[in-house]
Amino acid sequence: LPPPPPTPPLPKAAREAPEEAEEEEPTKRRKKKKEEGEMHVDEDAPPPPQPPPPPPAAAVAEGDTLLTDAARHGRAADVAALLADGADVNEPKVNGSGTTPLFIACQEGHTEVVTTLLSSTASPNLATSAGFVPLHIACEHGHAGIVTQLLAAKANASVRGGAAGVAPLHGACLNRQVGVVAPLLAARAS
């Protein structure tokens with residue numbers, strides 16, 4: 001008996017896995033319906049992708065100005081841009097606390113923002129409504145680099161603040177911020 005003839009290769013469509021063919025079918029039906037002008041929803045088709053939701057709007061904290069908000073969050077480029085657009089470098093928060101952008105930057109430890117504000121003539125001796133100046137808060141938080149910058153900008157090292165008349169040196173010692181004591185003593189703080 002002669003051997004049977006060889007089997008011809010299957011066409012590409014027949015060689016595909018059944019799952020792939022099934023996945024292709026809804027796409028073909030959608031195309032056909034679109035070509036025929038039918039606008040029915042294909043039940044087999046996945047829903048169209050939805051655009052991502054918009055990012056939440058950045059909110060400025062209550063009482064903050066745009067400048068105090070930028071200072072609070074360490075955005076030195078925004079601080080510089082706002083100052084270039086005419087923002088008042090010494091404008092306090094709008095809540096009556098007298099807290100300036102420089103005070104906030106000193107509190108948060110944003111050295112670059114402090115540099116930007118001081119180079120734009122921010123006053124290092126402008127007190128809050130409670131009588132505290134940026135040097136008080138920088139000493140309390142132990143921001144030695146900022147303390148040095150404030151002293152170089154002629155901050156009063158012996159200023160008294162608050163009802164108890166606390167000096168920056170007292171605040172540093174009470175909060176065990178020994179890193180700021182040397183620059184204060186070098187500036188003859190009392």
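Predicted model: local features only at pLDDT ≥ 70, side-chain atom pairs only at ≥ 80, totals over all residues.

I looked for disulfides, taken as pairs of cysteine sulfur atoms within 2.5 Å, and the structure holds zero of them. Cys-139 is in no disulfide, and its nearest cysteine sulfur, that of Cys-173, lies 9.3 Å away, which is too far for a bond.

Residues are numbered from 1 along each chain as its sequence is written, and side-chain values use heavy atoms, with hydrogens and water left out.

For accessibility I used relative accessible area (buried under 20%, exposed over 50%, partly exposed in between, with a 1.4 Å probe and protein chains only). Cys-139 counts as buried because its relative accessibility is 0%, whereas Cys-173, at 47%, is partly exposed.

I then turned to the helices, which are DSSP runs of H or I with at least four residues, numbered from the N terminus. The axes of helix 4 (residues 76-84) and helix 6 (residues 111-119), lines fitted to C-alpha atoms over the stretch in contact, with angles from 0 to 180 degrees between N-to-C directions, come within 9 Å and cross at roughly 15 degrees. Helix 4 is therefore roughly parallel to helix 6, a term for angles under 35 degrees.

Which residues make the contact (heavy atoms within 4.5 Å)? I found Ala-76, Val-79, Ala-80 and Leu-83 on helix 4, and Glu-112, Val-113, Thr-116 and Leu-117 on helix 6.

Conventions
Helix = DSSP H or I, 4+ residues; strand = E, 2+ residues; numbered from the N terminus. Parallel < 35°, antiparallel > 145°, perpendicular 65-115°, else oblique. Contact = heavy atoms within 4.5 Å.
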